[in-house]
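Subject: Structure handover

Hello,

Here is the structure I said I would pass on. Please open it first and then read the notes below.

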Amino acid sequence: ILVDDLNSMILNGKMLEAFDKHYAPDVTMQENNEPPRVGKEVNRKFEQEFLSKVVEFHGAKVLGVAVGDNLSMVEWWMDMTHKDYGRVAMTQVAVQRWKDGQIVSERFYYSK
């Protein structure tokens with residue numbers, strides 16, 4: 001299953017490689033109710049900037065995965081120290097819509 005490969009790559013510290021492999025050129029990504037970011041280049045830069053501010057990564061695990069017709073949902077637990085936010089331990093759900101083997105839309109739901 002493609003989402004399992006994606007999750008495995010992320011858990012093994014290959015977040016940008018996973019992004020390059022599994023996300024479509026016209027992907028949209030959205031944090032909660034924020035406006036979506038459109039396009040692979042814009043979203044890759046966002047991910048790179050976020051990762052560059054992670055001071056220390058304390059752990060992550062997949063709590064659950066649901067898979068449907070061109071749809072996956074992954075519940076994540078993460079614990080990290082971020083330059084701007086300090087230490088953050090959180091859970092989030094990523095809802096991913098797939099087309100032709102790549103993610104075309106991803107929305108993250110979490111509380112701040």
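A residue counts as buried when its relative accessible area is under 20%, as exposed when it is over 50%, and as partly exposed in between (1.4 Å probe, protein chains only). The model is a predicted one, in which local features need pLDDT of at least 70 and side-chain atom pairs count only at pLDDT 80 or more, while totals for chains, interfaces and linings use all residues. Residues are numbered from 1 along each chain as its sequence is written, and side-chain values use heavy atoms, with hydrogens and water left out.

Salt bridges

A salt bridge here is a side-chain nitrogen of Lys or Arg within 4 Å of a carboxyl oxygen of Asp or Glu. The whole structure holds 7 salt bridges. One of them joins Asp 5 to Lys 21, with 2.9 Å from N to O. This pair links distant parts of the chain, since Asp 5 sits in helix 1 (residues 2-11) and Lys 21 in helix 2 (residues 15-22), 16 residues apart. Helices (H or I, at least four residues) and strands (E, at least two) are DSSP runs, numbered from the N terminus. Asp 5 is partly exposed because its relative accessible area is 28%, and Lys 21 is partly exposed because its value is 47%.

Glu 31 and Arg 37 form another salt bridge, their closest N and O atoms lying 3.3 Å apart. Are these two residues buried or exposed? Both Glu 31 and Arg 37 are buried.

Lys 45 and Glu 41 also meet in a salt bridge, at 3.5 Å from N to O. Both lie in helix 3 (residues 40-52), 4 residues apart, which is about one turn of the helix. Lys 45 and Glu 41 are both exposed.

An open sheet is formed by 6 strands in the order 2-1-6-5-4-3, with mixed pairing. Two strands pair if DSSP finds at least two bridges between them. Strand 2 (37-38) and strand 3 (54-68) each have a single partner strand and stand at the edges, so one side of each is left without a neighbour in the sheet. Strand 1 (residues 23-31) pairs with strand 6 (residues 102-109) in the parallel sense, over 5 bridges.

Gln 30 is in strand 1 and stands opposite Arg 107 in strand 6. Gln 30 counts as buried because its relative accessibility is 17%. Apart from neighbours within four places in sequence, Gln 30 is in contact (heavy atoms within 4.5 Å) with Pro 35, Pro 36, Glu 106, Arg 107 and Phe 108.

Two helices

Two packed helices are described by the angle between their axes and the distance between the axes. Axes are lines fitted to C-alpha atoms, for helices over the stretch in contact, and angles run from 0 to 180 degrees between N-to-C directions. Helix 2 and helix 3 pack at about 170°, with their axes 11 Å apart. They are therefore roughly antiparallel to each other, a label for angles over 145 degrees. On the helix 2 side the contact involves Met 15, Leu 16, Phe 19 and Asp 20, which meet residues of helix 3 including Lys 40, Asn 43 and Leu 51.

Regards

Technical notes:
Parallel < 35°, antiparallel > 145°, perpendicular 65-115°, else oblique.
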